[in-house]
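Take a look at the structure below, and let's walk through it together. We'll go by way of charged pairs, then aromatic rings, then a bit of the surface.

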Amino acid sequence: MIELIQDYWLYFLVGQYPNGPLGGLALTVLLSGAALLLAMPLGLVLGVARVSPWRAVRWPVAVLVQLVRAVPLLLVVFWAYFFLPAVTGVKTGQATTMLMTLVLFDAVYLAEIVGAGIKSLPKGQFEGARSLGLSYGQALRLVILPQALRHVSPSLVSQLVATIKATSLGYIIGLSEVSFIATQVNTLVFTKAVEVYIVLAATYFILCFGLSRLAFLLELRLNRRPAPVPEVSP
């Protein structure tokens with residue numbers, strides 16, 4: 001196994017780069033981080049809409065969230081890569097397709113996380129902000145959302161873990177993420193399949209377990225510290 005790592009560690013890490021497209025673990029991490037960052041604004045808007053007092057806003061978002069969560073992510077990848085180009089005539093690359101799919105996937109789950117964070121706050125927080133003369137939007141932006149995002153920050157790290165594992169579905173469309181690279185290495189050294197997939201499993205474990213511990217420690221730290229009182233100018 002040591003010999004396998006010595007021979008192919010760079011291929012595992014970056015794929016064919018710089019002589020080809022970026023791949024391997026670097027692509028997995030970059031794709032996951034970019035998807036989560038791009039999904040944050042959309043997830044924030046959807047999360048606020050999920051707890052909106054207006055049914056015309058809340059119900060369509062609830063339908064969208066439940067619909068996306070009910071469909072397997074693998075099926076969404078297939079739709080984005082094969083079905084949409086057939087309908088629109090515009091074909092996207094593997095990395096772009098996977099990024100768009102993960103952004104949609106993350107935005108929906110972030111909406112649930114943000115919505116849960118808002119609901120966890122005492123109702124007096126919102127009522128107190130409105131009593132100071134703030135509008136609904138100002139109360140959300142200045143008082144509610146800062147506290148809600150602080151409460152759910154460990155869940156955001158956990159969502160990154162889920163996104164990293166979801167990138168492995170890019171293997172189906174030929175995306176050269178770390179699982180796809182491991183399969184290619186296995187075809188080169190087909191007598192060492194066990195060692196190849198042990199290295200792959202260890203890579204996912206180290207990355208995801210490290211982030212899970214970070215989320216746990218962050219949650220402990222937040223529980224020990226009192227929430228800061230937001231300063232609101234009337």
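Start with Glu112 and Arg50, whose side chains meet in a salt bridge at 2.8 Å, N to O. (A salt bridge here is a side-chain nitrogen of Lys or Arg within 4 Å of a carboxyl oxygen of Asp or Glu.) Glu112 sits in helix α5 and Arg50 in helix α2 (residues 24–50), so this pair ties together parts that are 62 residues apart in sequence. The helices are DSSP runs of H or I with at least four residues, numbered from the N terminus, while strands would be runs of E with at least two.

This is a predicted model, so keep the ground rules in mind: local features need pLDDT of at least 70, side-chain atom pairs count only at pLDDT 80 or more, and totals for chains, interfaces and linings use all residues. Residues are numbered from 1 along each chain as its sequence is written, and side-chain values use heavy atoms, leaving out hydrogens and water.

Put together, Arg50, Arg69 and Glu112 are linked in a network of salt bridges. How many salt bridges does a search of the whole structure find? It finds two.

Now for the rings. Rings of Phe, Tyr and Trp (its six-membered ring) pair if their centres lie within 6.5 Å; planes under 30 degrees apart count as stacked, over 60 as edge-to-face, and the rest as tilted. By this rule there are five aromatic pairs. One of them is Phe105 with Tyr109: the ring centres are 4.9 Å apart and the planes at 50 degrees, so the pair is tilted. Both residues lie in helix α5 (residues 94–120), four residues apart, which is about one turn of the helix. Phe105 is buried, with a relative accessible area of 16%, whereas Tyr109 is partly exposed at 25%. Tyr171 and Phe180 have ring centres 5.9 Å apart and planes at 55 degrees, so that pair is tilted as well.

Phe78, Tyr81 and Phe82 form one aromatic cluster. Over the face of Tyr81 lies Lys91, at 4.1 Å from the ring centre. (A charge sits over a ring if NZ of Lys or CZ of Arg is within 6 Å of the ring centre and within 35 degrees of the ring normal.)

Last stop: the surface. Phe82 lies in helix α4 (residues 73–88) and is partly exposed, with a relative accessible area of 45%. Leu75 lies in helix α4 too, and counts as partly exposed at 35%. Both belong to a nonpolar surface patch of about 920 Å², whose members also include Trp79, Val87 and Tyr171. Patches are made of residues with over 30% relative accessible area and no salt bridge; like charges are joined within 9 Å, and nonpolar side chains (Val, Leu, Ile, Met, Phe, Trp, Tyr) within 5 Å. The accessible areas come from the Shrake-Rupley method with a 1.4 Å probe, and for residues, only the protein chains shown count as cover.

Definitions and conventions: Buried means under 20% relative accessible area, exposed over 50%, partly exposed in between (1.4 Å probe, protein chains only).
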